[in-house]
Amino acid sequence: MTAPEPPGVPGVPGAPGCPVAHGGGLPGGLPVGVPLTPLYGPALAEDPHGLYARLRERYGPVAPIELEPGVEAWLVLGYGELLELTRNEALFSKDSRRWRVPAEGRLAADSRLLPMTAWRPTLLNLDGAEHQRLRAAVSDTLAQIDHRQLRGTTEAAANGLIDGWGPDGTADLVAQYAERLPLLVFTQLLGLPADAGPYLIRLINDISDSGTESVRANEEFHAIVVDLVRRRRAEPSADLTSWLLAHPAALTDEEAVHQLVVMMVAGNETTIGWTGNTLRLLLTDRRFRATLTGGRLTVADALEEVLWRDPPTQNFPGRWATGDTVLGGQYISRGDLLVLGLAAANADPAAQGVSAAAQGSLGGNRAHLAWGAGKHVCPAQHPARIIVETAVETLLHRLPDLQLAVPASELTWRQSPWARALTSLPVLYSAFTPPRPPAPERPAWTPPPAPETAPSPSDSTPSAATSTARTPDSGRPAPRSWWSSLAGWWSGR
């Protein structure tokens with residue numbers, strides 16, 4: 001990828017947030033001396049808006065960045081340019097096998113970029129007819145969700161979490177609420193028992209921590225999804241898994257496992273971020289604090305403002321150039337990676353409504369790009385909105401005097417180039433409103449045993465046996481699955 005030589009950059013090269021001169025002279029890449037701004041580390045977590053503004057001022061709507069040492073890419077900052085990028089599938093493909101960095105042997109085998117860029121047969125990684133087939137299956141499946149029932153399921157799960165908090169009047173709304181609620185809802189949508197939710201939460205925590213339990217946890221999670229698909233193939237029910245399998249697209253079991261994992265990972269992480277960021281806004285912004293005592297700005301307004309300013313997915317890879325071209329005044333080479341700067345594009349002064357958003361008058365404007373754009377726009381935005389809105393409203397109803405337990409300036413963010421999410425949100429409250437009657441007890445759920453052989457979502461082609469049990473004397477952990485790595489990297493862990 002090549003770029004015009006920028007003007008001098010103030011600051012110390014190599015310091016956090018300061019561009020580092022690229023000395024590569026890579027084939028078709030940046031010329032020697034062009035600085036690359038890291039899209040990782042504390043500078044991005046602490047002040048992403050400032051970083052995007054500096055990149056826009058220096059380079060315009062498309063800026064050269066570094067995703068990890070020695071791996072260059074483009075960050076699309078312009079609203080119009082991002083729309084052009086996402087709508088031109090012929091020139092900007094979703095197929096990461098076109099990426100020239102790994103083709104040139106410049107991506108390490110243990111690169112942290114692999115979970116988010118490796119190709120897999122999912123609706124996220126395909127173009128053309130195959131993408132449309134899988135997307136239609138997922139979109140049509142999600143469209144069958146009963147919104148009234150979804151709201152009731154979310155409210156019940158939210159009340160259950162709040163009722164479980166201790167009497168000391170303190171809570172962490174990230175660890176004890178936002179991170180737990182989505183899976184409690186998703187498990188029931190997918191056709192798993194309600195008490196499978198806490199079990200899956202424990203598995204995801206073990207997977208994301210990449211510790212001694214991560215391999216076991218990943219095998220158990222995989223076994224649960226495979227078992228769910230097999231059971232619903234044999235005995236369909238009124239749930240997302242059954243609807244996906246019954247779709248005219250005729251997905252194989254392996255394809256269904258792939259799409260369900262994508263739905264769970266993407267849906268879980270983005271819902272966590274959106275919930276936490278909205279609660280932070282309500283607790284720190286006086287315009288919204290007034291809402292709790294009759295002000296004019298509502299929870300729905302807060303949800304929308306978060307999607308404009310702090311969308312849960314701030315950047316997303318990506319598109320790969322199928323040929324040499326020009327975008328936003330930059331020369332893009334065939335095989336270059338272009339990262340969708342969703343938060344940056346929302347803040348583009350050239351975008352209609354952004355200036356008004358900066359002044360706090362968003363109203364009902366939903367022209368943001370938090371959901372992406374083009375043929376790959378997120379198909380789950382309506383169910384996600386119901387879950388997050390219900391979660392926030394239920395919490396405010398149950399704890400009407402909720403307030404931050406620390407100064408807002410002490411809140412910290414995950415160090416992830418992709419996610420925009422808090423590490424914690426400690427709060428204080430004085431009393432609960434009366435809780436709802438407890439739900440009737442259900443039979444205990446027992447997770448299925450991990451099969452010795454099962455189709456694995458880490459493979460790109462069908463296989464009869466794709467995982468093996470770890471031997472007792474194994475001295476090294478097995479390679480992390482693509483789901484395991486994706487969950488951890490997306491979370492910034």
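Glutamate 179 and arginine 414 are both buried (buried means under 20% relative accessible area, exposed over 50%, partly exposed in between, with a 1.4 Å probe and protein chains only). Their side chains meet in a salt bridge, 3.4 Å from N to O (a side-chain nitrogen of Lys or Arg within 4 Å of a carboxyl oxygen of Asp or Glu). This is a predicted model, where local features need pLDDT of at least 70 and side-chain atom pairs pLDDT 80 or more, while totals for chains, interfaces and linings use all residues. Residues are numbered from 1 along each chain as its sequence is written, and side-chain values use heavy atoms, leaving out hydrogens and water.

**Salt bridges**
- The whole structure holds 20 salt bridges.
- One of them joins glutamate 104 to arginine 100, with the closest N and O atoms 3.4 Å apart.
- Glutamate 104 is partly exposed at 32% relative accessible area, whereas arginine 100 is buried at 8%.
- Both belong to a salt-bridge network that also includes Glu72, Arg106 and Asp336.
- Glutamate 305 and arginine 309 also meet in a salt bridge (2.7 Å, N to O).

**Nonpolar cores**
- The largest nonpolar core has 84 residues (a core is a set of buried Ala, Val, Leu, Ile, Met, Phe, Trp, Tyr and Cys residues joined through side-chain atoms within 4.5 Å).
- Among the residues with the most contacts inside this core are Trp165 and Tyr177.
- Apart from this core lies another, of 25 residues, including Leu39 and Ala344.
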